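I opened my notebook and listed what I wanted to look up.

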Amino acid sequence: MKAAILPDFGQPLALEDVPRPVPETDEVLIEVEVCGVCHSDLHIAHGDLPGFRAATKPRLILGHEVVGRVVEKGAAVVDLAIGDRVGVAWLHWACGECEPCREGLENLCRRGVVTGMMVDGGYAEFMRAKASHTLRVPDGLAPEQAAPLFCAGVTVYRALKNAQVRAGQRVAVFGIGGLGHLAVQVARAFGAEVIALDVAESKLALARELGAAATFNVTDPDVLKAVRKLGAVHVAVVTSAAKAAYDLAFKCLRPGGTLAVVGLPAEPLQFAALGIVSNEARIVGAAVGTREDLRAVLALAAAGQLQCRVETQPLAQVNEALDRMQRGDIQGRIVLRCC
Ligand code: ZN
Ligand code: ZN
């Protein structure tokens, strides 16, 4: 089969012919239709996050927003059938036995396996996946619409869920890229009024199209004043990897507000203790999501409440797609067509 292989950190991916994987008894073989390109793929390929670097398998096939058809299955697989359209997410497998798993936090499993990092992912014609963590895609949802939900969609869904967004609240979304444009829609599905912030006018225009009530260009020096004039925000979710976005987001919180951390700047975040104490600010993280979160986000999309802005490119263009992601030159998400 054709697959895009990462020969070593920092190198371009190489399109090679490699043996088609054979599923174990608890696995399925998926013929990959599409696979989304995620910002984490850049971090994995560059090896610039020590935690990722140490866990990356040699000659890796990247890709953790995978949608395709089941074409083979192991003897122990009962709940999936040949021909089912399914998706595979970042969380490839969780043990089900550790403390986080038993508390419903399988996304924090201490023995968790990550797709497209610890095991091969979906930048290929075929991939194998654990049946337990392979989810059926609802009928009526196109594969290129479904794929970005398996990381970008589920991540922002969990971030807004962890931030306990309620109907009528004001939610600021910082960074209207692959994650942010979905965050705008998920926040609206939760009944919130959305304020979108970015450096690019084209991305702010997209946010308005998707229902943002107000948009601000963060290069405008008066943006903080303008957000405060709206009453500041109950929740700020930062999908941007710029530390400056976090600094501004924290100042945009109203008393009792919540900062949801999603984007990963290289530098540590810094907030004055007095700022946290005097406003009773909350800071919450979101680590992709659980299968339950994924089902919820797939259901939102199937109900027409989430539309991914996608651009489809052939698998052979994967390096160009990664370069464009590096430059921030993408509206929404690129998905690679793999077969
Ligand atoms: Zn991802
Ligand atoms: Zn576990």
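**Entry 1: Val88 and its strands.** I looked up Val88 first. The model is predicted, and I read the pairings from it. In β10, Thr134 is the bridge partner of Val88. I then noted the strands around this pair. Strand β6 (residues 85–88) and strand β10 (residues 134–136) run antiparallel and are joined by 3 bridges. What stands opposite Val66 in β6? I found Val88 there, opposite Val66. Strand β5 (residues 66–73) runs antiparallel to β6, and 4 bridges join them.

**Entry 2: strand β9.** Next I went to β9. Strand β3 (residues 27–36) is joined to β9 by 5 bridges, and the two run antiparallel. I picked out one pair: Phe126 in β9 stands opposite Glu31. How many of the 5 residues of strand β9 are buried? I read 4 of the 5 residues, across 126–130, as buried. So β9 is largely enclosed by the rest of the structure.

**Entry 3: the open sheet.** I traced the sheet strand by strand. It is an open sheet of 6 strands, in the order β13-β12-β11-β14-β15-β16, and the pairing is parallel. Which are the edge strands? I wrote down β13 (214–217) and β16, because each pairs on one side only.

β11 and β14 are paired in the parallel sense, with 4 bridges. There, Val171 has Val235 in β14 as its bridge partner. I also looked at what lies across these strands. Helix α6 (residues 180–189) lies across β11 and β12 (193–198). α6 runs at about 170° to β11.

**Entry 4: helix α9.** Is helix α9 mostly covered or mostly exposed? I found α9 (residues 243–252) mostly covered, with 7 of its 10 residues buried. The buried ones are Lys243, Ala245, Tyr246, Leu248, Ala249, Phe250 and Cys252. I followed their packing next. The buried residues of α9 pack against strands β11 (170–174), β14 (233–238), β15 (253–261) and β16 (282–285). They also pack against helices α8 (223–229) and α10 (273–279).

**Entry 5: two packed helices.** I reminded myself how such a pair is described. Two packed helices are described by the angle between their axes and the distance between the axes. For helix α5 (residues 152–162) and helix α11 (residues 291–302), I noted an angle of about 105° and axes 9 Å apart. So α5 is roughly perpendicular to α11. From α5, Gly153, Val154, Tyr157, Arg158 and Lys161 make the contact. From α11, Asp293, Leu294, Ala296, Val297 and Leu300 take part. I sorted the residues of this contact: 6 are nonpolar, 1 is polar and 3 are charged.

**Entry 6: cysteines.** A disulfide is a covalent bond between the sulfur atoms of two cysteines. How many disulfides does the structure hold? I counted 0 disulfides. The cut-off for a disulfide is within 2.5 Å. I also checked burial. Cys151 is buried, with a relative accessible area of 5%. Cys308 is buried too, with a relative accessible area of 6%.

Conventions. Residues are numbered from 1 along each chain as its sequence is written. Chains are lettered from A and ligands numbered from 1 in the order in which they are written. This is a predicted model: local features need pLDDT of at least 70, side-chain atom pairs count only at pLDDT 80 or more; totals for chains, interfaces and linings use all residues. Side-chain values use heavy atoms; hydrogens and water are left out. Buried means under 20% relative accessible area, exposed over 50%, partly exposed in between (1.4 Å probe, protein chains only). Axes are lines fitted to C-alpha atoms, for helices over the stretch in contact, and angles run from 0 to 180 degrees between N-to-C directions. Angles under 35 degrees count as roughly parallel, over 145 as roughly antiparallel, 65 to 115 as roughly perpendicular and the rest as oblique. Contact means heavy atoms within 4.5 Å. Ala, Val, Leu, Ile, Met, Phe, Trp, Tyr, Cys and Pro count as nonpolar, Asp, Glu, Lys and Arg as charged, and the others, Gly among them, as polar.
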